[in-house]
Structures are given as C-alpha cells and as structure tokens.
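Here's a quick briefing to read alongside the model. Have the viewer open and follow the points as they come.

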Number of protein chains: 2
Amino acid sequence: VIVALAGGTGAAKLLRGLARATEPSRLFIVGNTGDDLDWWGLRVSPDLDSVAYALAGLLDATRGWGVRDDTFQCLEAMSRLGRETWFRLGDQDLATHLHRTLLLRGGASLTNATRAITDALGVTARLVPMSDEPVRTELRTDKGWLTLEEFFVRERCAPEVFEVAYRGAEDARPAPDVLPAIGAAEAIVVCCSNPVTSIGPILAVPGIVDALGRTAAPVVAVSPIVGGRAVSGPAAKLLAARGLDASPLGVARAYRPWLDALVMDPADAALASDLERDGVRPVIADAFMPDGAGETRLARVVLDAVGVAA
Amino acid sequence: VIVALAGGTGAAKLLRGLARATEPSRLFIVGNTGDDLDWWGLRVSPDLDSVAYALAGLLDATRGWGVRDDTFQCLEAMSRLGRETWFRLGDQDLATHLHRTLLLRGGASLTNATRAITDALGVTARLVPMSDEPVRTELRTDKGWLTLEEFFVRERCAPEVFEVAYRGAEDARPAPDVLPAIGAAEAIVVCCSNPVTSIGPILAVPGIVDALGRTAAPVVAVSPIVGGRAVSGPAAKLLAARGLDASPLGVARAYRPWLDALVMDPADAALASDLERDGVRPVIADAFMPDGAGETRLARVVLDAVGVAA
C-alpha cells in the first residue's frame, strides 16, 4: 500500500495522477481535517471532499473545490434568508455534507462516514481522516484568531499571520487504520499540499510523526513551493509564520527528520545541494499539473522516487 | 384582523387571493404543522412553507409546493449517495429548511422561526404554526400506520385509510398568539384545505375549538369538496375515514357547531337546504381558483360572506 498524506486541491490532483499511474486500490490516503467546519449546521470536511471528488471524477477543475458544474441555488436562497454565504456550498456538494452530518449524528465515526461517501461515489482508493476527533487549525493574525476557512475564504488570505495552532490535536488519536497503514506501507507520499495548514495538522496528531519516523518505507514529498512562491494558496506566508523558509528547503525542514526525498521544480535546482546537506535527496521535476497528463507525469516521478513500480 | 386556518396548496391560493382582496397585514394565518417532518436531518414544515412561498410570490404554480423554477441538484446528489429521495426538496426550498433547523436548534420557537422566514421573504401577513410543539398526523392504513407525508407523497394516497390520529395533539398548546388572535378576530376563515389532515390537526390542539366556539366573529369555511370529489388531493377518502360525507355537508359537520357559513360550488347547490338544516348558511360560488383572478374572486366571496369590507 502507498500511504499519502493529503490536503485539498493540490493533493487531489496528485492523487488523481497516482490513481492513474498505479492501481487506485493501492492508495491509502490520510486526509487533513484541520479545516473542517460546521456550516449551516452541517459538518463540512473540505479536504476530504476535494480528494473524494477528484478520485470520483467529480471535482470542479476551474474552482479546484466542490462538484463540477455545481449550481448555487440553495446558497442564493440562504442569502435571501439573511444567512452568511462567504463559505460557498454548491447544491450537489451540499448533499455530501447533509449525508455526512446524518451519518455522524447517527453515531458513525468520521472514518466510517467518509467510507460511506467514497463507496457511494465509486472511489476505490481508501480515504480516511487523520483523526476521528476534532482538530481545528487556527491562525493568529492581525485580525485576531481565525479558523483556516475564515482566513482562507472569508479574508482571502489577506491578514498577516503570526502563529498557527492545531486546536484539539494533543488530545486527538489517529483514525483507527492510520498507524497500521503507515507501518505496512511500501512508500509514503506527502502530497504537494501546504506544509503548515494541510500537512501540519496531520503531523500534529500524536503518534503519526513517530510512525513516519519508524517506518522502513521511503518517504517522498512534493514541494508546493516553486521559486519561493506557492503553486497556489498562501503556503509561503504560512511557512514564514512557522519560521520556515518559503522554499523547498523550508518544506523539507517541516518534514524532518523522516523525509527521504523531495520532488522540487527545476526553478529551485540551485537549492539541491543545500537539501542534500539536510539529508534529503532532491528529485528535480516539473511540479505543475495543468492537466491530467501533468498529474500522471508528476505521479510517475513520485513513484520512481520511492522505487515503486507503477 | 382576519384569522385564517390553513393547510397547504389550496389554502395558499385562497390566502394569496385574500392578501390581494384586502390588506395582507390584516391576515393572521394559523398554519397546520401536522405534516411537519424531519427529512435529511432538517425540520420541514410543508404547509407553513407553501403559504409563505405563495404570499412571497415564490410558490411553484405547477407543482403547488416548493419554490418556483427550483432545481433538484442536491436531491439528485443525495440519490447518488444512497439516500431516500421520495420526499422531494428543491435546492432553494432546502435553504428554508436549513435556516429553520438552525433557528430551532438555536432555541427559537417554531413561531419565531416562521416569523424570521416570512420577514426575510417580505411577507407582511402574519403566519404562525398552530402550535410550537410537535403534532404529527398519522393514518392507519392497509399498509400500517403512515405519517401524512408517507401516505401522501411516498404512497401517492393509494392505501385504504381506516383511522386518523393527531399524535401529540393532546399535550400541545396553541402557539402563543393563536388564541388572542381568534378572540380579537373580526372574521374567521377556514380555508379550502383538507378538513381531516389539514384543518383537523389545528382543531385537535386543545383550546382552539373552544376559542372558535366562543368568538363573536363570523366563521366561514370554503368547501374543498365539489360534487363529491376533492378539488385536489385525497380529502374525500379521508372524510370517509372519519365517518363524514365526502360532500359539503361532511365538511360542514367537521366544523360543527362553530361554523356560520360554507362557501360551496354550484355543483352542490342541491345540498343547500340540508346545510341550512344543520345551521350553516350556504354561500354558492365557483370554488375553483385556476389563476390569480380566480383566487381574488373567491377571496371576495369569502369576505362578503363574513361581512368584511375588502
């Protein structure tokens, strides 16, 4: 089994490539739940859903989140009723949250609710939350403490970020299958997600970093930072808030000491020797995934880097 | 104030006519909540919503329920996720139920949640539930006990009906403003709704029939039965299940002894003398409301019958 640690959009694209480059059923994906939120009374798991939608062929390619060609009729009606609508849920997307909320309220764990959703959508890769218990990423900014979605969506990443907290992480346990999967993995892939807000919450769950340190499987990460800038999103700003370079070096340091190889863009090739000095093998490859072919190509690079035959 | 007792579709049309024929702000509408249900974890009040949508100009004219030109994207996605979808909620309609559910969960009464919805939709008539406490209409049929929506929507009114129960009615209290409104009314209008399943639950709430018996205001009902058949829906079958004639006479008897006048169709003019013998004044008028003009015309007949100047 190939274990992948995953955030949202960027991870979703790489995972879609991995599912194409190998057997989807070989993938065991540990998804970030640090940006989960309760919205309109429903439990929303943005990163789990982006991955599930991508693997089901439903992800909206333009927005990078939600269901392709989704409509926003309910959202417009919520606006008419005076509800906040800065967090945009499409009509089809809403069904996922209604379904999840009903399952959780009926006593299902988030692991089992996620499985019910992926099964219904025909996803054969295994997707699990990092924990069945709530962990919430919050950022201390010049506008006060914000949840990830408040910072990311409502404030459009504009505030300055001084501090990152993973609320509840200390008391959370990894979801039941996570540690066994890491222990049995033939390879570990850290997707090209934000190291601070997408992968950081996963690593904050006690036991996961230990398992990554103990596993004999090679660990490869894909840098979401190219030439000092994030491929998308506020990764650079957030790395800085954690005292890390906004560069592949900073990314590698976020994953020390258990990272073996880092896939980084040719634009950053000059950093390769610094990376090697940090004990991480550089793998130079185009990290952009403009289309399905790009996703599959990057996935092959990743699999090569950990010596896994596609 | 004109107090109207109202079910869903038929009532919504007459109320729209009354709002046009007089000032909407003169209307105090007591809505049936006996078909309320929890669906997809949301609290749905079909009759309150039909009335609110009609008065807001949003009611779908073809279906007779839900929001005009609504889409069903969420419902289709729910079907893909394996959820039951026989009770059809449109995407815009869904917003009303999300909003209501959030308000109720936040501690609001159904009266206040309904007011928030009607205020947001610009409805100036007052719409209140018959009770803030749950009353559920159930029917004993050849398929066992069914809720109203199971019988009406899922089973398309096909089962034989032997018995009608208003669960919870004995312990329910009228919503706070209902009895004062009846006491202060200049007239009472019982809309052309199903006497058993739309008006019956309202009358089953202790105190409401007493207030109707005590009020000095004239009480007029509009027969939903024309020529032995319901204008729409299963009223005839349900009247029979309550041992009442499927005729204006049966309707009048359902509202004895506090009914003063009954608007009935010319097709039933032969029953006028029987009605008078029962102490109810017959008002012969076309009860069909094929369009807005028909709604306003019937509303004027109703207002005339209780001596209210439009």
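Thr141(A) stands opposite Val161(A), which sits in strand 8 of chain A. That's one spot in an antiparallel pairing: six bridges join strand 6 (residues 136-141) of chain A to strand 8 (residues 161-167) of chain A. Keep in mind that this is a predicted model, where local features need pLDDT of at least 70 and side-chain atom pairs count only at pLDDT 80 or more, while totals for chains, interfaces and linings use all residues; side-chain values use heavy atoms, with hydrogens and water left out. Residues are numbered from 1 along each chain as its sequence is written, and chains are lettered from A and ligands numbered from 1 in the order in which they are written.

- Two strands count as paired if DSSP finds at least two bridges between them; strands are DSSP runs of E with at least two residues, helices are runs of H or I with at least four, and both are numbered from the N terminus.
- On strand 6 of chain A, five of the six residues are buried (buried is under 20% relative accessible area, exposed over 50%, partly exposed in between, with a 1.4 Å probe and protein chains only).
- Strand 7 (residues 144-147) of chain A also pairs with strand 6 of chain A, antiparallel and over four bridges.
- Which residue is the bridge partner of Glu138(A) in strand 7 of chain A? Look for Thr147(A).

**Salt bridges**

- Over all chains, the structure holds 33 salt bridges, each being a side-chain nitrogen of Lys or Arg within 4 Å of a carboxyl oxygen of Asp or Glu.
- Glu138(A) turns up again here, in a salt bridge with Arg167(A) whose closest N and O atoms are 3.1 Å apart.
- That pair links distant parts of the chain, with Arg167(A) in strand 8 of chain A and Glu138(A) in strand 6 of chain A, 29 residues apart.
- Arg167(A) itself is partly exposed, at 37% relative accessible area.
- Lys143(A), Glu150(A), Arg154(A) and Glu155(A) are joined into one network by salt bridges that share partners.
- Arg20(A) and Glu295(A) form a salt bridge as well, their closest N and O atoms 3.3 Å apart.
- Is Glu295(A) buried or exposed? Glu295(A) counts as buried at 2% relative accessibility, whereas Arg20(A) is partly exposed at 43%.
- Arg126(A) and Asp177(A) meet through their side chains in a salt bridge of 2.9 Å, N to O.
- Arg126(A) belongs to strand 5 (residues 126-129) of chain A and Asp177(A) to the loop between strand 8 and helix 7 (178-184) of chain A, so this pair ties together parts 51 residues apart in sequence.

**The two copies**

- Chain A can be laid on chain B by a turn of 180° and a shift of 0.0 Å along the axis, with an RMSD of 0.0 Å (least squares on the C-alpha atoms of residues with pLDDT of at least 70 in both).
- The copies are thus related as by a two-fold rotation axis.
- In chain A, Asp91(A) has the C-alpha nearest the axis, 3.2 Å from it.

**Confidence**

- Chain A has a mean pLDDT of 95, and 100% of its residues reach 70 or more; pLDDT is the predictor's confidence in each residue, from 0 to 100.
- The model scores ipTM 0.92 and pTM 0.94.
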